[in-house]
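Me: Hi! Could you walk me through this one? I'd like to talk about salt bridges.

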Amino acid sequence: MANPVITFAAKLVRKLIVSALIACLALVAYSLWVYTRDAASFEERRSQMFATLTSERAIVEAKLQEAVKKQNDTAKALAIEQQRSVQADKTLKTLHELDAGAIDRLFGDADEQKKHTDRIARLEKLKADSQTNIVNVQRESVLGEDVRESLAIRKIELEQEESALRRDSNPVAHYARSAWTEAGWLIELVFFGYLLGGFIGALVLYYGWSKWVGRGRLLKLETESEVPPTIGESALTVEDSVWPGEVLWVRRGYLYSNEDGLTQRSRFVLNWSAPFSWMFGGLCRLIELRNGRSDGDRRVIFANSVSPFAELAVVSVPENGSLVIRATHVLGLIASAQSTPPIRRHWALFRWQSWISAQFGYLEFFGPCRLVVSGISALRAEVMTAADGGKLPVGYTSQAGLVAFSPRLGLKPVRRVGFWRYCRGLAPLFEVQLTGAGVFVTRDMEEHAGTRNQESFSAQVRKLFGL
């Protein structure tokens, strides 16, 4: 038996490889779209880009030279203003040293003192203006340095783009890079979507949708049936009797043998009230065996010649009883020759059970009659009786394995499988819960050698209509 860890690791590696391949295909597809979107050829577009980059680089270089020249002029102006401020400060210091004392201010020359004061005022104004100019020039220097740096960076970028364009001589690599630049996020979304999409979807379905569906109402068909049917033992070959006044309709290839004394003829469809439905359901071109004698019953033996592992069972539907079953599983019908037992079709379009099981139509066979039932593997019958106190019993089976059930049972999809088992695809998300007193027939969904449990497309379409 394979190690589950190794099996999981192998599946994960395969998933990664497939995800990478899908992402590569998405990149190739987008690259082709970029190629078809270009009006010019690759060489023409490359030449145009060369010309554009060269022209822009020339403009940037000219602006950069102008910015450098302006920055040098600003530095010179700053130096002049700083020198002027220093000189004014020194002169003011000298003039302040020559300030007249108190006696000189009282008895000295007033004109000389006024000239001295005016000179100090002019130098202080010159110093203040110089300080203001220094601040303005420094601001211009900072702005000019930012402009110069941005132009230098842009020049480097243009040179790098020109260098990359010279190396970009392969059109395939060019369009691949362009596609990744434009839609890299989309390609990553494709990669991780395929890699993790199934797991995320399983989480949503398991922990969200399944709980909501499980809270829905039971699917219960409106019926007049009161007595449950009786299910015989399941085997590869079964036998039954056709009593006087009874008739057997059986599909060709499923009648193994019969005793003498039965009148045999052909019948095109089981019931002429809906001929196309019975033809589509496979109950056409039947063998009709009629017992018109009065000297006892005649034995007949049934076997499934199509699948050697398919078991059969005889279901006896009494008077005032009925059984819901798909026409595909009905191989034969034994009833009174006086009248064919009524068959009613039910529709359930707005119930979760119908959508999950992909079956919207249900056929109800009324008694008294006996049905020869077969699946594609072993059959198993379950009888559910009400417990003391009136509590209704509950049974479970797989959606695909349900063959027939009493119409008084209520059906409901429920989640019973573990998350990892469902996520790994080992089991379906929903099973069918049957509630009430009655019987139901299921088929074994295990694989047998030479047996295919998957239904064909035509069988799935027939299942939609309950056939």
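Reply: Happy to! A salt bridge here means a side-chain nitrogen of Lys or Arg within 4 Å of a carboxyl oxygen of Asp or Glu. Keep in mind that this is a predicted model.

Me: Okay, how many salt bridges does that rule give?

Reply: The count comes to nine salt bridges. One of them joins Glu-431 and Arg-416, with the closest N and O atoms 3.0 Å apart.

Me: Where do Glu-431 and Arg-416 lie?

Reply: Glu-431 is in strand β18 (residues 431-435), while Arg-416 is in the loop between β17 (410-414) and α8 (419-423), so the pair ties together parts 15 residues apart in sequence. Glu-431 is partly exposed at 24% relative accessibility, and Arg-416 is partly exposed at 49%.

Me: What about Arg-265, which residue does it form a salt bridge with?

Reply: Arg-265 forms one with Glu-288, where the closest N and O atoms are 2.6 Å apart.

Me: Is Glu-288 buried or exposed?

Reply: Glu-288 counts as buried because its relative accessibility is 2%, under the 20% cut-off. Arg-265 is partly exposed, at 48%.

Me: Which residues are linked in a network there?

Reply: Arg-265, Arg-267, Glu-288 and Arg-290 are linked by salt bridges.

Me: Switching topic: how many helices and strands are in the protein?

Reply: The protein has nine helices and 19 strands. Of its 467 residues, 36% are buried.

Note on methods. Residues are numbered from 1 along each chain as its sequence is written. This is a predicted model: local features need pLDDT of at least 70, side-chain atom pairs count only at pLDDT 80 or more; totals for chains, interfaces and linings use all residues. Side-chain values use heavy atoms; hydrogens and water are left out. Helices (H or I, at least four residues) and strands (E, at least two) are DSSP runs, numbered from the N terminus. Buried means under 20% relative accessible area, exposed over 50%, partly exposed in between (1.4 Å probe, protein chains only).
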